[in-house]
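Here are my notes on the model you sent. They are set out as numbered points, to be read beside the structure.

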Amino acid sequence: MGVQASLLTPRLIPWAPLKLMTKKTSCGPDWTRTVTTREQTQALTVFAAFMQICTIPLDTAKVRLQLQKRAVLGEEGGASRYKGLLGTVATIAREEGLLALWKGIIPGLHRQFIYGGLRISLYEPVKAFCAGSIILAEVSLFQKIVAALITGAIAISLANPTDLVKVRLQAEGKLPPGAPRRYSGALNAYYTIVKEEGLVALWTGLGPNIARNAIINAAELASYDQVKQSILRIPGFTDNIFTHLLAGLGAGFFAVLIGSPVDVVKSRMMGDSIYKSTVDCMVKTLRVEGALAFYKGFLPNFGRLGSWNVIMFLTLEQVRFHFCVFFFLYPFTPRRRIM
């Protein structure tokens, strides 16, 4: 009996280097190819950067909605400026121009070059380490979650400065006539933050950011893995595009549902300096705006992460099955036949 394949990887996972194993794909015979961690990271980083460009308008709308609290506090004395996903996008485009939806794209790309590839390429080795076994069928849901939490925390700890600059650029809306912008661009933002607030300030909001990305990473990777396996147990379902689409949507939904509260706290910690700590931000938000405030920006967040996960997992699954190679930047180089 063969062992059922995991979400994105071969059937057996040696620690390093990873071996890609295919079984009678459309490319013909079975082959073995070594896939290094560097190759994995580079391929997934390019993919994550492309998705960042496509989805950052939704991310900008999400940040504006999450930071919108002054109307509730009475500081602006009027109704909320941004209302809903479409209303927020329309308001930003009308007041600041269409390109304003891509505010923060430069630090967003910086973030993906650091975080995007690491969080997935480290997942399978860490999962194998946590399981203490190379047989994927023996990896429990708890071990998958632990592995995803660890890889998400490691990756975002390195990428936190880029996240901080991205949020601050996205948070700056329409200014009064003659008012100067806080930052002229991404590089100026890095420099200004270090100059005025110190180097450590680049890691503002690290606690909720680690919690947010570790939770979302775990929800995406572990839930995709688990949802896909559950679907394949249903009679009539096979390992095809429709299954991958359903599993990707499930991964995106669980990621937003579980991660939204810490995502709101992270955005507010990075975008506003009125909070003394993570706990202070949570308490003030809950007391002034209520529990539902932790789900502000849910729809644009799901639109972004849902589409992100569907496209990401569909692409990687199809690459693996139809092109006989796990990561699409490198041509397939056969080494030996699997007998």
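1. UniProt, in an unreviewed entry, places a "transmembrane region" at residues 241-262. The model is a predicted one, and in it this span is 100% helix and 0% strand.

2. Tyr-295 sits in the loop between α10 (278-289) and α11. Its contacts, not counting residues up to four places away in sequence, are Val-256, Leu-257, Ser-260, Pro-261 and Val-264. For Ser-260, the C-alpha atom is 5.6 Å from that of Tyr-295, although the two residues are 35 residues apart along the chain. Tyr-295 has a relative accessible area of 32%, so it is classed as partly exposed.

3. The largest nonpolar core has 17 residues. Those with the most contacts inside this core are Tyr-123, Ala-148, Leu-221, Tyr-224, Trp-308, Met-312 and Phe-313. At least two core residues come from each of α1 (37-67), α5 (123-131), α6 (141-171), α8 (206-232), α9 (241-271) and α11 (298-322). The helix that gives the most is α11, with four residues.

4. Leaving aside neighbours within four places in sequence, Met-312 is in contact with Phe-47, Arg-119 and Ile-120.

5. How are α4 and α6 arranged where they pack? Helix α4 (residues 105-121) packs on α6 at an angle of about 170°, and the axes are 8 Å apart. The two helices are therefore roughly antiparallel, since an angle over 145 degrees counts as such.

6. On the α4 side, the residues meeting α6 include Pro-107, His-110, Arg-111, Ile-114, Leu-118 and Arg-119. On the α6 side they include Thr-151, Ala-155, Leu-158, Thr-162, Asp-163, Lys-166 and Leu-169. By type, the residues of this contact divide into ten nonpolar, five polar and four charged.

7. Leaving aside neighbours within four places in sequence, Asp-163 is in contact with Arg-111, Ile-156, Asn-209, Asn-213, Lys-266 and Met-270. Arg-111 is also one of the α4 residues listed in the contact with α6.

Notes. Residues are numbered from 1 along each chain as its sequence is written. This is a predicted model: local features need pLDDT of at least 70, side-chain atom pairs count only at pLDDT 80 or more; totals for chains, interfaces and linings use all residues. Side-chain values use heavy atoms; hydrogens and water are left out. A nonpolar core is a set of buried Ala, Val, Leu, Ile, Met, Phe, Trp, Tyr and Cys residues joined through side-chain atoms within 4.5 Å. Buried means under 20% relative accessible area, exposed over 50%, partly exposed in between (1.4 Å probe, protein chains only). Contact means heavy atoms within 4.5 Å. UniProt positions are given in the numbering used here, feature names are shortened, and annotations may be inferred rather than shown by experiment. Axes are lines fitted to C-alpha atoms, for helices over the stretch in contact, and angles run from 0 to 180 degrees between N-to-C directions. Angles under 35 degrees count as roughly parallel, over 145 as roughly antiparallel, 65 to 115 as roughly perpendicular and the rest as oblique. Ala, Val, Leu, Ile, Met, Phe, Trp, Tyr, Cys and Pro count as nonpolar, Asp, Glu, Lys and Arg as charged, and the others, Gly among them, as polar.
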